[in-house]
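Hello,

Here is the structure I promised to pass on. Please open it first, then read my notes below.

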Amino acid sequence: MVYRKDYAAQVGYSVEKMNRLTVEEFLDMAKKLDWSANPALSAYEPASENLFPIGWPGPDAFPTKASVRAQLLYILPIMFSKVVVGESTPDQAIAWAENELRRLVEEEVAYIMIAPAVFIIFFLIGYPFVYSIFLSLTNTSVGRTGSFVGLLNFARLLKNTIFQRVLINSGIFTVGSVTAKFVIGLAVALLIEKVTKGSKFIRGTVLLPWVVPTSLSALAWWWMFNPNFSVLNWIITCVIKLSSGVPWLSDAKMAMFSVILVHVWSGVPFFAISLLAGLVSINREYYEVADTEGAREWQKFLYITLPLLKPVIAIVLLFSTLMTISEFNIIYIITGGGPRYSTHLLATLAYQEGIATGNLSRGAAISLFLFPILFVASYLQIKTVRENVRRF
Amino acid sequence: MFITSVKPNTELYSLEANPFLIKNFTFEHFKYLFKDTHFTIWYRNSIFISISATVITLIVSFLAGYSLSRLRFRGSSFWGMLVFTAYLIPPTLLFIPLARVLYSLRIGDTPLALILTYPTFIVPFSTWMLMSYFSTIPFELEECALIDGASRFKILMRIILPVSIPGVVTVTLFSFTLSWGEMIYALIFISSTIKKTLPVGIRTELVRGDVFYWGPLMAAALFASVPLIIVYSFLTSFYVSGLTRGAVKG
């Protein structure tokens, strides 16, 4: 058995130095070594060339020279040491070194590939987010650099009756929309799954509200809600023969109902498709067993479909809650928050205060009220995702 | 939308007429839209901005998705979670500080402002979706190529890209649609009329005070939705399969 200290003694290096050789020193050592003394080791003389993993374009081709050198520095001495101290056979050491080099190269490629995404996340999401917290703690407005005021903005907002109204609106809008979207979406998904004929056409139709962005479809809804000249009230007055049309947007409660209606219309496809995907992935055998046991349709739904669909339902509900509570387009286009703040949500109020009025710090504070909800929902969602990942 | 856009004003604003019927077919709204408004310019802006944002998103999320799902490196699960968290932050939370950032970079009121910020809400989702998509591709495909001496980038372009076309198409469509319909950022970061995108232009410039231009408004909304509807009607099956394989698992 040849030991590392024997090599060290041969070339006059200390053992510590053996662990921290430069490429040149390493090659120097390799030259000075009496390879013939141990025929098993002589096979590794050209190792420094062969060590590059397959697919690796060579030390000069891709990352920096320095990084390659660092890799050589770290891997080669350890590889030799492993053999020399008798920890592993030469073949194992080579395999280890190759794997290690491959991992390092992969790591470097991975970092380069992920860099743009990380840049976007840090500078265009992370930084603005921190900046908005900073803004909300000052009294900055357009054209005026503010000074630090602590939590004053938040305290004032909570006492403000308009803001309280907006918080309640957001609650009603979110709970109402998400519940309706879930029920209708599930019904549509079950329906699509049962219907085999013309499923392509049905799927396409169901997708339509999702394909057309709300910023455009809301315009059409806006027109339909027109009290005097448009379709909805024409049907009500001329076809159903009710005396007066419905004040879709001018009455506070009706206005809230109308925007929820539009939001649900545009959000059902997402639920339907996601739940459909979940439905399709349920193993048929459960239903077959249930059939032989004589289970009814609703029993199968309640005891097989729903429990197995739970992970998908959880994710879709949480995600939809986030998207619903931060809704902007539909409100901005159809009601602009009116009448009398009855349909304003956090996002539209933040826009009105922060941009239209120019009170930046107040606007930032309003949007930050979204954060606790986002935080809880994200936490739950990440938890669900992790559990699912573990399960599959 | 279509009916309203081809009806003359007199009929549009009559109280007795059946709104589903058209008596006198007219193109006057379209003519007005294309001649007397900036509609065509907004259309061009929207196309340019959406395509640029989509291209950026695709490159960024394709690379990130591949490295997060396929390469072994320290902290990969951390970065994965970071992307996921970013995906949960809506634009509504960020528009005020972002506006400040863009203006301090002197790119407020330019197309660049939107091209740079649109990926912020598309990249996290696209990355996440492509990650789940990549994980369905068998490792053997890559290993064969690695043994044949291909570099990672070659593998990415020649092997991964072709087999993940459905996923890429889904992400492309998704990204284009989101950019096309985006409204908050476009509303806030762009102030000159001729630089506006379609949704913002239509809502802010075609509606003036109490005089509603319903005919042109509907014509505009219709024209703006047409490209998306055409593309989707061709690619629906692609899209649904891409989504069900990717998104839901995330």
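What follows is a short tour, from the whole chain down to single residues.

**Confidence first**

Bear in mind that this is a predicted model. Chain A has an average pLDDT of 75. At least 70 is reached by 69% of its residues. One stretch needs care: residues 38-69 of chain A have a pLDDT below 50. That stretch still has 49 contacts in the model beyond near neighbours in sequence.

**Chain A overall**

Chain A has 19 helices and zero strands. Of its 392 residues, 49% are buried. Take the contacts in chain A with a separation of 6 or more: 66% of them join residues 24 or more positions apart. The accessible surface is about 19,300 Å². Carbon and sulfur atoms supply 64% of that surface.

Look at helix H8 of chain A, residues 152-159. Which of its residues are buried? They are Asn153(A), Phe154(A) and Leu157(A). These residues lie on the same side of H8(A), because they cover an arc of only 95° around the axis. Arg156(A) and Lys159(A) are exposed, and they sit on the face turned away from the buried side.

Ser367(A) belongs to helix H18 of chain A, which spans residues 360-368. Is Ser367(A) buried or exposed? Its relative accessible area is 3%, so Ser367(A) is buried. Leave aside the neighbours within four places in sequence, and its contacts are Ala350(A), Thr92(B), Leu93(B) and Ile96(B).

**Salt bridges**

How many salt bridges are there over all chains? A search of the whole structure gives five.

- Arg284(A) and Glu193(A) meet through their side chains, at 3.1 Å from N to O. Arg284(A) is in helix H14 (residues 284-292) and Glu193(A) is in helix H9 (residues 161-194), so the bridge ties together parts of chain A that are 91 residues apart in sequence. Arg284(A) is partly exposed, with a relative accessible area of 39%. Glu193(A) is also partly exposed, at 24%.

- Arg362(A) pairs with Glu353(A) in a salt bridge. Their closest N and O atoms are 3.3 Å apart. Arg362(A) is partly exposed, with a relative accessible area of 23%. Glu353(A) has a relative accessible area of 14% and counts as buried.

- Asp109(B) and Lys195(B) form a salt bridge between their side chains, at 3.9 Å from N to O. This pair links distant parts of the chain, 86 residues apart. Asp109(B) is in the loop between helix H6 (95-104) and helix H7 (111-134) of chain B. Lys195(B) is in the loop between helix H11 (184-189) and helix H12 (198-205) of chain B. Asp109(B) is buried, with a relative accessible area of 13%. Lys195(B) is partly exposed, at 31% relative accessibility.

- Asp291(A), Glu297(A) and Lys300(A) are joined in a network of salt bridges.

**Where to start**

Keep the pLDDT below 50 over residues 38-69 of chain A in mind throughout.

Best wishes

Conventions
Residues numbered from 1 in each chain as written. Chains lettered and ligands numbered in written order. Predicted model: local features only at pLDDT ≥ 70, side-chain atom pairs only at ≥ 80, totals over all residues. Heavy atoms only, no water. Helix = DSSP H or I, 4+ residues; strand = E, 2+ residues; numbered from the N terminus. Buried < 20%, exposed > 50% of the residue type's maximum accessible area, 1.4 Å probe, protein only. Contact = heavy atoms within 4.5 Å. Areas by Shrake-Rupley, 256 points an atom, 1.4 Å probe, with all protein chains shown as cover. pLDDT = per-residue confidence, 0-100. Arc of directions from axis to C-beta. Salt bridge = Lys/Arg side-chain N within 4 Å of Asp/Glu carboxyl O.
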